[in-house]
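Please open the model in a viewer and keep the selection tool at hand.

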Amino acid sequence: MNRRNFIKTGVLGALIAASPVSISALGEPARKTGKSGRLNLSFAPYELQLRHAFNLARSQRTTTPDVQVQIEFDGVIGYGEASMPPYLGESVASVTEFLGKLDLSQFSDPFRIEDIHEYMESVAPNNRAAKAAVDIALHDLTGKIMGQPWYKIWGLNPETTPNTSFTISYDANPEEMRKKIEETAPYKVVKVKMGLDHDKEIVEAFRKYSDVPICVDANQGWNDRNKALEMCHWLAERNCLFVEQPMDKSAIDDTAWLRERSPLPIIADEFLQRLPDVKRAAQAYDGINIKLMKSTGMHEAYQMATLARALGMKVMLGCMTETSCAVSAASQLAPLVDWADLDGNLLIANDIFDGMKIIDGKVTIPDRPGIGVIPV
């Protein structure tokens, strides 16, 4: 008996009894087929309700479309998720169409994550969030089969996770703005969304309330490099750690110019999607923001973090507005990074999982197999 089969035999019995077989909020239970020896994929749409309107440089929204995914293998279920903010270019329709094309039943070994990624790439290009949902579910499933969380499988130390930032954006309603600022109280870093006409106003309002460090995400909202440089100097005097995606992702030369002169690190977000983009980012940015919904999941995100480190870059781990499913999957990588922005589950009002926690401002990974989530 090889090691993998030994692990499966020793752990499956307990997990079959312990693993839930449905997410009641979806109203569509996953199939439980017994020991079929094949992967069984199921999925259902789920709309995320934001606690406050998200006011960004180029959009405003109060919901985020989402698709919840389950992969079952011999009675053990792995959970995954695709979250789709508008700028990703994906939708519930595109995600469910892609997932509907997949035939994972051809795979009899859930540990063949590399092969399954190659298969998904052959089915259709792009569809990054849809692929991430499958990848997350596979990692959850295989971690459960091994009886270990993924941070342990990767050999990472959960004590070295960073503090997470908590995100606020501008609101013209003073009462709503006050509520947003007050909600930052438990956190040791606050992320300020910028790129609007009120960039300095929101920082000044926050500084009247708190002196904790901030970081800034301009969401490509600064279209003049001299203005961007002036803002970087202004922010550096107000305890800012770094500036994320200050200019349009296509403005590579201007961003490189800004990086050479800025007193703050410049971090790539929208510019960066997948592994090949890491080397390109090194030409104009000090660091990268890895998000599972862009990287097609945990498998490639780990490779991106490793490459960025080899290139001497800073690494940030981010998220979309997501349930604790995808956020907890990302948290497994947290010991690898300098900064974390894993608050997506905290920004929604209808989370359906229990998973990663923020304790005293710090990313705290659950000591549970797989990605560490339990449906609630």
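Select F73 first: this residue stands opposite V76 in β5, where two strands pair if DSSP finds at least two bridges between them. Helices (H or I, at least four residues) and strands (E, at least two) are DSSP runs, numbered from the N terminus. The model is predicted, so that local features need pLDDT of at least 70 and side-chain atom pairs count only at pLDDT 80 or more, while totals for chains, interfaces and linings use all residues. Residues are numbered from 1 along each chain as its sequence is written, and side-chain values use heavy atoms, with hydrogens and water left out.

**The hairpin and its sheet**

Now select D74. This residue lies in the turn of the hairpin formed by β4 and β5, which has two residues between the strands, and has a positive phi of about 50 degrees.

Is β5 mostly covered or uncovered? It is mostly covered, as eight of its eight residues are buried (buried means under 20% relative accessible area, exposed over 50%, partly exposed in between, with a 1.4 Å probe and protein chains only). In a regular strand the side chains alternate between the two faces of the sheet. Colour V76, G78, G80 and A82, which point one way from β5, and then I77, Y79, E81 and S83, which point the other way; all are buried.

Contact here means heavy atoms within 4.5 Å.

**The parallel sheet**

Move to the open sheet of eight strands, ordered β6-β7-β8-β9-β10-β11-β12-β13 with parallel pairing. The edge strands β6 (165–168) and β13 (339–340) each pair on one side only. Within this sheet, two bridges join β9 (residues 240–244) to β10 (residues 266–268), and E244 stands opposite I267 in β10. Helix α12 (residues 298–310) packs on the sheet, touching β11 (287–290) and β12 (314–317), and its direction makes about 170 degrees with that of β11.

Select A218, in the loop between β8 (214–217) and α8. A218 is buried, with a relative accessible area of 0%. Its C-alpha atom is separated by 4.6 Å from that of G195, 23 residues apart along the chain.

**Two helices**

Finally, select α8 (residues 225–236) and α9 (residues 252–261), whose axes come within 10 Å and cross at roughly 30 degrees. The crossing angle makes α8 roughly parallel to α9 (angles under 35 degrees count as roughly parallel, over 145 as roughly antiparallel, 65 to 115 as roughly perpendicular and the rest as oblique). The contact is made by R225, N226, A228, L229, C232 and H233 of α8 and D254, W257, L258 and R261 of α9.

Definitions and conventions
Axes are lines fitted to C-alpha atoms, for helices over the stretch in contact, and angles run from 0 to 180 degrees between N-to-C directions.
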